Amino acid sequence: MIAYLIRRLLYLIPVLIGVNLLTFALYFIVNSPEDIARAQLGGKHIDQSVVQDWEDQHGYNKPLFYNNKETGIAALTDTLFVKKSLILFTFNFGVSDSGRNISHDVSQRMWPSIYIAIPTLIIGLLVNITFAMLLAFFRQTYVDLSGVLFCIIMMSISGLFYIISGQYFIGKVLQLVPISGFEGGFSAFKFVILPVVVGVIGGIGAGTRWYRTIFLEEMGKDYIRTARAKGLAESRVLFKHVLKNAMIPIVTGVVVIIPSLFLGSLIMESFFGIPGLGSYTIDAIRQQDFAIVRAMVFLGTILYCIGLIMTDIAYTIVDPRVRLQ
Amino acid sequence: MTANLLEVKQLTIGFNTSQGKMLAVNNINFNITPNEVVALIGESGSGKTMTALAVPYLLPPAAQLANTSQIIFKGQDLLNLSEVDFQKIRGRQIGLVFQEPMTALNPVLTIGNQIGEVLKKHFKLSKKAVYARVLELLHEVGIKDPPYCYGQYPHQLSGGMRQRVVIAIAIACHPDLLIADEPTSALDVSTEAQILKLLHDLQIKFGMSMLFITHDLNVAKKISSRILVLKDGNVIDQGTTEQILQQKKYTVDFSAIDKAPPIAADKKILAKPLLDIKELCVYFPIQKGLFKRTVGFVKAVDDVNLRLYQGKTIAVVGESGSGKTTLAKAILKLLPIYHGQIFFEDVNLPKSPPLQLHKLRRDIQIIFQDPFSSLNPRMLVVDIIAEGLWAQELIKTDQEKEQRVDELLEQVGLSKDFKYRYPHEFSGGQRQRIGIARALAVKPQLIVCDEPTSALDVESQLEIITLLQKLQNKFKLSYVFITHNIPLAAAIADDIAVMQQGKIVEQGATHAILKNPKHPYTKKLVAIEL
Amino acid sequence: MTFHPVILWTDALIYLLIIASIFCVRWAKRQEQLRSAWRQILQSRLAIISLVILVTYAAIGFLDSIHFRATDQNQITSVESVFDYLVSPLGKNDEKTYSAPFATHLYNKDIIILPNGLHLRDFPHLKFVDEEQMNPVDNRTLDIIRHCTLSTLGGIVIWFIICALSIMLAAQRQQQKFLTKLNKIVKEKEGIVWRTVLITVGVIIVLGFNLFDLSHAYHILGTDKVGQDVFYETLKSIRTGLIIGTLTTLITVPFAITFGMLSGYFRGWVDDVIQYVYTTVNSIPDVLLIAAAVLALQIFISNHPEFFSNLVQRADARLLALCIILGLTSWTNLCRLLRGETLKLREQDYVQAAIALGTSRKQILIKHIMPNLMHLVVIALVMDFSGLVLAEAVLTYVGVGVDPTTLSWGNMINAARFELAREPVVWWPLLAAFLFMFPLVICANLFADAVRDALDPRIRKL
């Protein structure tokens, strides 16, 4: 098990280097630093010297891979690839193109994201599993059929509609909670509740349908027939036998996204004005601040990979058949 | 006053499919008296499993019972019971054993939990009493260390052990009726014998009635007193076991096959073997640790030596898992070979370069066990048969192809009209013939037959064997015939090699092996089969 | 007036896609398994209705993908599509700014210069909706009812003609009497297909007639901030949505099939490399990877204006770039699925038999592996479509979607955010986007469900 986890961790290194190379290629080879500078400064009619200044200021005034102005090891290290891309491995995210300290921003903005993401995940999970169990219990009846149709309708509506109409009716017409904004501490509640409700409702369609499929798949298996042959009541078959087996794909599916919760939801946070990492990223994208986008891509990858390893560990806990080798 | 424990009257089960309504069981009537063992035999698709599942009403949701159907158990019609009342009968008065022990147990619950559950449902017992009773049951079904087994999960047990656990669940409440749905067909021969004996002993011990479902008359005859034969949802025959056995209709009688006359060219046969396998080993590495070092091997085929002369047949006999299929694939070089030589005429297959190997593929062909997975469902029969002709560049034009395929279809006894059809339109036996035609197309000298009859119904088995013998005589073919069926091997092979755990434990001329088996394993196999 | 055809990049790919799908259908017709799946799909009324609606959407999208440039007495007009031509003057009837659905006046007060030269601040009349031309005794409601009645009647007549013609053709082909065939269809004696299709077509025709007629008299879904007809906008958005949903998969599929098959069949180092590539791509969170790639390309496009002769081409390039990026980031799941299936298939007896016969690897991959993967590809295609249409809206909101000048539901929803916040509320663009996006997505979902049920061997129907 330990050996397995170490091997998985080691496998992370080439993956992260791959991601690093990919983003480096996207930002520095498709577009030259000069293009980035011009985009930041706004337009192509900027004087060359202004561009040069900006590049100097942000450390873009280096060659890509080999610096022939330097000697020795510095020829390889004093390059854009090392200073802008590889340096992410030390979790030194540097300074954003607009001059902010990214690491500091990340540590500040992580928490509001968590405030939204965790309640949405937990409540959503409970709601979806309950609905899915209900549909599975009434399988192949009109309850199930109309439930599935309802799920398909729910998931055919763009998430943006849920947000906009939620804000409009609950926030603007009924004025129950503020439309957007955020405060720390206990007063966070009134800002968090609307995004969480909207997030849960938006996820019901796809979630319920997915869990229903898992339940029905388990219910078609032979051991369920054995359980029924024992004379067990249907509810007991469902709760003891089906749920316990269905938890394997459900738990492992959830564990993989837990680390990524820190990144928050781009759309939610931006609509509801939550100062989390999601809105941080979206602002960076809109302002074309590459330093931040690069840092977030790297961070997101690491969190996802941690999620994958946690999934493996979760498997050994929930499934007695799995032993990692 | 009714003497019958179970009466099934006018049982009719239908399915709604996209092609319309389909009857799985059509108006079946039978009864079981107390203490009696009745066997339902039939091939897959005959409706025997549906019949068995209908009694405790565990049919799949899409199945529909006709209104006129009655299942009278101890004088009451089960089909009129409410679901809650029915639950009091399942497990308590009717126990069930299923075919597939690998999937019949819940993978995430312990054995003890799963057996205890049925006791808790039907009796008011303390936790301690349940524990004691479960251990007792495990002991009764012949599990060696009950306390240890109690806390284990199903995947930690072997197939035979799991089937014992399923039986323990079924008999936990001393039911009056035990329904066993092919309880042994997923097991190997020696485990099958043990499980049959266990069921037989338990039936006598508890005085249960039993409904035993199987496809194999040889199994049924060992346990049942009465037999019903099902086909396409209808009972086509019934009677006492002796009556059914006397008819000899429902088993393949391989002894009826005429042994092929010896082939003339004896001088050549003495001269040199066609196939000479020396010290053949096929190992699969087991990798472990940080850097996936190879720490050991699964020895699927271990130090095998075989010789086969032209026009002869050698049968490789063994149970499932003994490595026979691996050996078959190794002879065709479909698997990487760890060590050893396979000489075909003068060429060593494992060492031959790709071009030479490509040419050699003409001479060695294979026929597979499962006629359903051996033909690509997306290809026309003509393309399947012609595949080798194109690959070996034996034909150049479509006209030649048509002509050659017609010829081949005729040789294997199929109509030319079948050419432009897809495999799914044919029966198992017909598909197997297509498979044979595909192998024959390249005019091989040696054909490896990997259990070519074991997935077929009784009639087709004989036909295919007869066809293979006819082709052997006509084309002077040599066969490596892989089978688990000793009577079949006895009927067609010149030599027999007995395989166990990757090794050949005994080999020699057929009559010598059968009359005077030396190795204990061979003795056991011969004793079970003959 | 002369017409010069203009073929945009996305147009060309759409034509390619249509040609490819014709070949696929012809191939599929010979495959018994796919034919029986098709028969099963046609058992479901919902699936048939969905399919007819999807075809209607596709027809609009296709008409909107045939572009030309009309030259009139040396005066070059902008690039238009056949669709624009058919619905004109819709799309050319711009007002000054917002106006509500069926309104006769603008939504905002503005300074009106009266004929006598006086300035007055009031709601100005719409240019397009001419109140003077209305029958003096009519009011607006009566006028709308009159339009509706006439076009409904017209629609029904046309529908009857279509029904009669198609039944006649079918009767002739099967050598039956017209009335027998009609009776069979009405009573659904030969399955539910015919009646369901005809009724759905009827509803669409009547609805279409109504909308077409009304849209020539009013702005039936109002106008947007710059005074453009919202109904026209949402109709034009159909093409954008369809392109994203289909072209993306066109790019995904070859990648997924090639890599999935190669890595599953050859295993070893080929498998290691391909697995590494898709693990890497997969481990970057979706939106971030797309955002990163789109940003990079956006800058590239804006820094190289010389590649594009006009705004339409530039917007088109950005749409295509989005499809390519979505495709390149989403092939991994299908690839993993196909790899797993190939691993299973290569152990099948018929593949082993092919190896034993000496069939070349290329032939094995093409003849034995690929045809047996196609059902998974089809399932993935139809399942992904609706997700991609929805993704367009989200990505556009994030700022990495289609060009702001491209008419799309994403842009409409994006604008709606501010329109809902203003007083008085402007609600119709959001409604318009919803009204046209929702049927497309739900039909795609329902149809995809039917396809999956019919093709997926894991879903047993017993």
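Which residue is the bridge partner of B:K288 in strand 13 of chain B?

Author: This is a predicted model, in which local features need pLDDT of at least 70 and side-chain atom pairs count only at pLDDT 80 or more, while totals for chains, interfaces and linings use all residues. Residues are numbered from 1 along each chain as its sequence is written, chains are lettered from A and ligands numbered from 1 in the order in which they are written, and side-chain values use heavy atoms, leaving out hydrogens and water.

The partner of B:K288 is B:R293. Strand 12 (residues 275-288) and strand 13 (residues 293-308) of chain B are antiparallel and pair over 11 bridges. Strands here are DSSP runs of E with at least two residues, numbered from the N terminus, and two of them pair if DSSP finds at least two bridges between them. Strand 12 of chain B is also joined to strand 15 (residues 339-344) of chain B by five bridges, again antiparallel. There, B:I277 stands opposite B:I342.

Another pairing in chain B involves strand 10 (226-231) and strand 11 (234-240), with B:D232 in the loop between them. These two strands pair in the antiparallel sense over six bridges, and B:V229 has B:D237 of strand 11 as its bridge partner. They form a hairpin with two residues between them, and B:D232 in the turn has a positive phi of about 45 degrees. B:D232 counts as exposed because its relative accessibility is 57%; exposed means over 50% relative accessible area, with a 1.4 Å probe and protein chains only.

Conventions. Helices (H or I, at least four residues) and strands (E, at least two) are DSSP runs, numbered from the N terminus. Buried means under 20% relative accessible area, exposed over 50%, partly exposed in between (1.4 Å probe, protein chains only).
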